[in-house]
Amino acid sequence: MEQRIIGRTGQRVSVVGLGTWQLGADWGEVEEKDALAVLDAAVEEGVTFFDTADVYGDGRSEQLIGAYLRERPDAGVMVATKMGRRVALDPALYTLDNFRAWTDRSRANLGVDRLDLVQLHCPPTPVHSSDAVFDALDTLVEEGRIAAYGVSVETCDEALTAIARQGTASVQIIFNAFRLKPLERVLPAAAEAGVGIIARVPLASGLLSGKYTKDTVFAADDHRTYNRHGESFDQGETFSGVDFATGVEAAAEFAALAPEGATPAQAALRWVIQQPGVTTVIPGARSPEQARANAAAAALAPLPEATLRAVREIYDGRIRAQVHHRW
């Protein structure tokens with residue numbers, strides 16, 4: 001699989017990574033053996049980047065990854081985790097002492113001395129402008145607790161603020177065929193600064209798979225049920241903030257654009273991969289089959305210009321007015 005340098009880390013990672021939110025919680029229960037099978041399938045298909053967080057299953061996702069990589073030390077996987085969401089979203093809590101405690105817990109969960117990449121996990125907006133916060137992150141690097149740091153953001157303005165920080169290695173942002181705003185300023189700014197872009201929610205919480213109808217019902221413990229209107233966290237994390245019914249209609253149009261032999265989900269991932277400035281895209285997977293199918297998107301030929309124009313037309317016609325001003 002194609003490998004790209006992830007920003008200022010200097011490390012190469014696969015263009016299709018693996019998001020592991022679903023291996024912790026918030027998407028319904030996943031058995032440990034099934035979770036490990038997903039990780040193994042991804043690695044076998046050339047994936048070398050796992051994205052996790054200390055709040056995914058309150059550490060379960062990190063622990064599962066740590067257990068798997070102890071069995072597969074030859075896998076060559078870079079693990080990015082996140083911190084800051086196990087406490088109230090109060091800028092006053094983003095201190096060096098807390099960062100040490102949070103990263104120590106993640107190091108223990110993952111079973112490593114030094115974390116490859118730690119991202120602030122969608123912190124309050126003022127945190128992005130705090131010199132003290134970034135000084136503390138630099139200290140973690142100096143102390144050897146982490147190799148590099150980045151920021152996971154909700155908005156394009158937050159991304160641009162983070163990119164301007166000299167020590168920021170990467171920015172993680174929601175980016176998909178239903179969320180085009182990062183194309184305007186974020187991706188060009190990241191490319192110019194040498195900051196990696198990790199594209200999350202690439203399938204708009206599954207909408208872009210084309211498998212859902214307006215009557216689809218998700219489990220009560222699935223965030224696609226309980227956070228549809230932003231009840232528990234930012235609405236943008238669920239269906240990219242798109243109204244579900246609107247999203248289903250737009251997804252049907254997108255599905256018709258998939259090249260022969262490719263699924264709509266693979267076409268959606270290929271669309272992200274080929275956008276200038278993107279380092280890696282991190283779809284989740286709840287089965288080995290999904291993990292393999294996602295990885296296969298990296299081998300697709302680039303989508304032709306006509307398809308790219310059609311994606312823009314779907315966005316402009318159905319989605320832009322609904323979400324563009326928010327993020």
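## Crossover units around β5

A crossover is right-handed if, with the strands pointing away from the viewer, the path from the first strand over the helix to the second runs clockwise. In this predicted model, β4, helix α2 (residues 60-71) and β5 form a β-α-β unit of that right-handed kind. A right-handed β-α-β unit is also made by β5, helix α3 (residues 96-110) and β6.

Strand β5 (residues 78-83) takes part in both units. It is mostly covered, with 6 of its 6 residues buried. M78, A80 and K82 point one way from the strand, while V79, T81 and M83 point the other way; all are buried.

## The sheet

The strands belong to an open sheet of 8, in the order β3-β4-β5-β6-β7-β8-β9-β10, with parallel pairing. At the edges stand β3 and β10 (280-281), each with a single partner strand, so one side of each has no neighbour in the sheet. Strands of a sheet pair through backbone hydrogen bonds, either parallel or antiparallel.

Strand β4 (residues 49-51) runs parallel to β5 and is joined to it by 3 bridges; here D51 has A80 of β5 as its bridge partner. On to strand β6 (residues 117-121), β5 pairs in the parallel sense over 4 bridges, and T81 has V118 of β6 as its bridge partner. Strand β7 (residues 149-152) is in turn joined to β6 by 4 bridges, again running parallel.

## The loop at G24

G24 sits in the loop between β3 (18-19) and α1 (32-44). Its relative accessibility is 10%, so G24 counts as buried, the cut-off being under 20%. Leaving aside residues up to four places away in sequence, G24 touches Y56, G57, R60 and S61. Of these, R60 and S61 fall within the range of helix α2, residues 60-71. Between G24 and A251 there are 227 residues in sequence and 27 Å in space, C-alpha to C-alpha.

## Helix α11

Helix α11 (residues 305-323) has a kink of about 50°, centred on D316. Its buried residues are T307, A310, V311, I314, Y315, I319 and V323. The cover over these buried residues includes α8 (244-255) and α9 (264-273).

## Salt bridges

Side chains of opposite charge can pair when their charged atoms come close. The count for this model comes to 24 salt bridges. One of them joins K33 and D34 at 3.2 Å, N to O. K33 is exposed, with a relative accessible area of 61%, whereas D34 is partly exposed at 31%.

Another salt bridge joins D97 and R100 at 3.6 Å, N to O. Both residues lie in helix α3, 3 residues apart, about one turn of the helix. D97 counts as exposed at 55% relative accessibility, and R100 as partly exposed at 24%.

The side chains of E249 and K214 also meet in a salt bridge, at 2.6 Å, N to O. E249 lies in helix α8 and K214 in the loop between β9 (196-200) and α7 (223-226), so this pair ties together parts that are 35 residues apart in sequence. E249 has a relative accessible area of 31% and is partly exposed; K214, at 48%, is partly exposed as well. Elsewhere, salt bridges that share partners join D97, R100, D104, R107, E143 and R145 into one network.

Note on methods: Residues are numbered from 1 along each chain as its sequence is written. This is a predicted model: local features need pLDDT of at least 70, side-chain atom pairs count only at pLDDT 80 or more; totals for chains, interfaces and linings use all residues. Side-chain values use heavy atoms; hydrogens and water are left out. Helices (H or I, at least four residues) and strands (E, at least two) are DSSP runs, numbered from the N terminus. Buried means under 20% relative accessible area, exposed over 50%, partly exposed in between (1.4 Å probe, protein chains only). Contact means heavy atoms within 4.5 Å. The bend at a residue is the angle between axes fitted to the seven residues ending there and the seven starting there. Two strands pair if DSSP finds at least two bridges between them. A salt bridge is a side-chain nitrogen of Lys or Arg within 4 Å of a carboxyl oxygen of Asp or Glu.
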